[in-house]
Amino acid sequence: PPPPPAAPPLASPAAPPPPPPPQPAAIISRGNKGSASRSGYRGVYFSNRNKTKPWKVQVNSRQVSFFGGSFATTEEAARAYDTEIVKRGLTADRPLNFPLATCPAPPPPPPP
């Protein structure tokens with residue numbers, strides 16, 4: 001009978017494993033002030049007062065807080081937060097949860 005095939009050589013532990021892939025833009029680090037603790041999105045927080053729409057949006061701007069509404073999912077709430085940021089012209093100050101191209105354009109200013 002033919003001899004059994006030789007076992008492949010053992011791999012040497014030469015290189016460390018590759019670094020983890022970068023996180024998507026929607027995930028916010030949890031270490032800074034204003035970070036999302038449960039939702040993973042900036043400006044979105046959980047409130048158990050409303051069972052059908054538990055995710056709330058809040059935009060803080062120069063010591064003024066704006067309530068952006070209640071939503072059923074975190075993604076809906078995060079998109080509403082982005083819309084509020086664009087509508088209020090705060091895009092230079094704040095990062096968005098999603099790319100600007102996915103947000104609706106702000107409404108035109110009212111006529112004088």
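Me: How many salt bridges does the structure hold?
Reply: This is a predicted model, in which local features need pLDDT of at least 70 and side-chain atom pairs count only at pLDDT 80 or more, while totals for chains, interfaces and linings use all residues. Residues are numbered from 1 along each chain as its sequence is written, and side-chain values use heavy atoms, with hydrogens and water left out. A salt bridge is a side-chain nitrogen of Lys or Arg within 4 Å of a carboxyl oxygen of Asp or Glu. The number of salt bridges in the structure is 3.

Me: With which residue does arginine 79 form a salt bridge?
Reply: The closest N and O atoms of this salt bridge of arginine 79 are 3.2 Å apart. Because the two residues are 4 residues apart in helix H1 (residues 74-87), about one helical turn separates arginine 79 from glutamate 75; helices are DSSP runs (H or I, at least four residues) and strands likewise (E, at least two), numbered from the N terminus. The partner of arginine 79 is glutamate 75.

Me: Is glutamate 84 buried or exposed?
Reply: Glutamate 84 forms a salt bridge with lysine 87, their closest N and O atoms being 3.1 Å apart. Residues count as buried under 20% relative accessible area, exposed over 50% and partly exposed in between (1.4 Å probe, protein chains only). Lysine 87, at 43% relative accessibility, is partly exposed. With a relative accessible area of 12%, glutamate 84 is buried.

Me: Which residues are linked in a network of salt bridges?
Reply: Arginine 88 forms a salt bridge with glutamate 84, with 3.1 Å between the closest N and O atoms. Glutamate 84 also forms a salt bridge with lysine 87. The linked residues are Glu84, Lys87 and Arg88.

Me: Over the face of which residue does arginine 88 lie?
Reply: A charge sits over a ring if NZ of Lys or CZ of Arg is within 6 Å of the ring centre and within 35 degrees of the ring normal. Arginine 88 is partly exposed, at 34% relative accessibility. At 3.6 Å from the ring centre, arginine 88 lies over the face of phenylalanine 66.

Me: How many aromatic pairs does a search of the whole structure find?
Reply: Rings of Phe, Tyr and Trp (its six-membered ring) pair if their centres lie within 6.5 Å; planes under 30 degrees apart count as stacked, over 60 as edge-to-face and the rest as tilted. The number of aromatic pairs found is 2.

Me: How many residues apart in sequence are the parts that tyrosine 41 and phenylalanine 98 tie together?
Reply: Tyrosine 41 and phenylalanine 98 form a tilted pair, 5.6 Å centre to centre with 35 degrees between the planes. Tyrosine 41 lies in the segment before strand S1 (44-46) and phenylalanine 98 in the segment after H1, so the distance in sequence between the parts they tie together is 57 residues.

Me: What is the strand order of the open sheet of 3 strands?
Reply: Two strands pair if DSSP finds at least two bridges between them. S1 and strand S2 (residues 55-61) run antiparallel and are joined by 3 bridges. With antiparallel pairing, the sheet has the order S1-S2-S3.

Me: Which strands stand at the edges, each with a single partner strand?
Reply: One side of each edge strand is left without a neighbour in the sheet, because each has a single partner strand. The edge strands are S1 and strand S3 (64-71).
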